Amino acid sequence: MQNRVFNVLFLCTGNSARSIMAEGILSALGHDRFHAYSAGSMPTGVVNPYALKQLEKEGMSFENSRSKSWEEFAQPDAPKLDFVITVCDNAANEVCPAWIGQPITAHWGVFDPAAVAEEEKNIAFAKAFAVLHRRISLFGDETNWWVFNDKGNIHTETGGDPIGMEIRAQAFAF
């Protein structure tokens, strides 16, 4: 298939939970096909310990994670992004920076596990992780790779949309 490594940026407002878990999952599953990043429009500056605990529980150590601004990825020396995926509704509705390389953008609305009561956090983070893991697994699966239709939308080779979303291509060269 492809020998190219694709750069994927996961966005959330705080870059403390969902986007961190998404970066960790793709880093673990993407092997040599993807390089995962995460950022936030208003980063908290602290990674949620429940996110790290959930990644560890799933065997995905992510010790060097940090909460960072999406502005880091809009700089001239930033990696050229191939995909930018928002994982929270707030970030999806914000005006994003002009990304270098005009990546394909998508929105995966994943509920905020950090917004639940303290006694429900372990279950909420496990559920959010499961949603992200399933979507990222399908996204990165070589047998389910992507092709463009004549309207510039990207779909799987079977014509479906297995991740439960529509991705619109702005510009993308393989």
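Predicted model: local features only at pLDDT ≥ 70, side-chain atom pairs only at ≥ 80, totals over all residues.
Residues are numbered from 1 along each chain as its sequence is written, and side-chain values use heavy atoms, with hydrogens and water left out.

The protein chain contains 4 helices and 7 strands; these are DSSP runs, helices being H or I with at least four residues and strands E with at least two, numbered from the N terminus. From the N terminus, the order of elements is β-α-β-α-β-α-β-α-β-β-β. Of the 174 residues in the protein chain, 48% count as buried, a term that denotes under 20% relative accessible area, with exposed meaning over 50% and partly exposed lying in between (1.4 Å probe, protein chains only). Among contacts with a separation of 6 or more, 68% come from residues 24 or more positions apart, contact meaning heavy atoms within 4.5 Å.

Strand E1 is mostly covered, with 7 of its 7 residues buried. Phe6, Val8, Phe10 and Cys12 point one way from E1, while Asn7, Leu9 and Leu11 point the other way. E1 pairs in the parallel sense with strand E2 (residues 34-40) over 7 bridges, where pairing requires that DSSP find at least two bridges between the strands. Within this pair, Leu9 stands opposite Tyr37 in E2. E1 is also joined by 4 bridges to strand E3 (residues 83-86), and these two strands run parallel.

E1, H1 and E2 together make a right-handed β-α-β unit; right-handed means that, with the strands pointing away from the viewer, the path from the first strand over the helix to the second runs clockwise. The loop between strand E1 (6-12) and helix H1 (18-29) holds Asn15.

Asn15 has a phi near 45°, a positive value in a residue other than glycine. Most residues other than glycine have a negative phi. The relative accessible area of Asn15 is 0%, so Asn15 is buried. Its side chain makes a polar contact of 2.9 Å with the side chain of Ser19; such a contact is a pair of N or O atoms within 3.5 Å, where, within protein, one must be able to donate a hydrogen and the other to accept it, and residues adjacent in sequence count only if both atoms are side-chain atoms. Another polar contact, also of 2.9 Å, joins the side chains of Asn15 and Ser38. Not counting residues up to four places away in sequence, Asn15 touches Ile20, Ser38, Ala39, Gly40, Arg66, Ser67 and Lys68.
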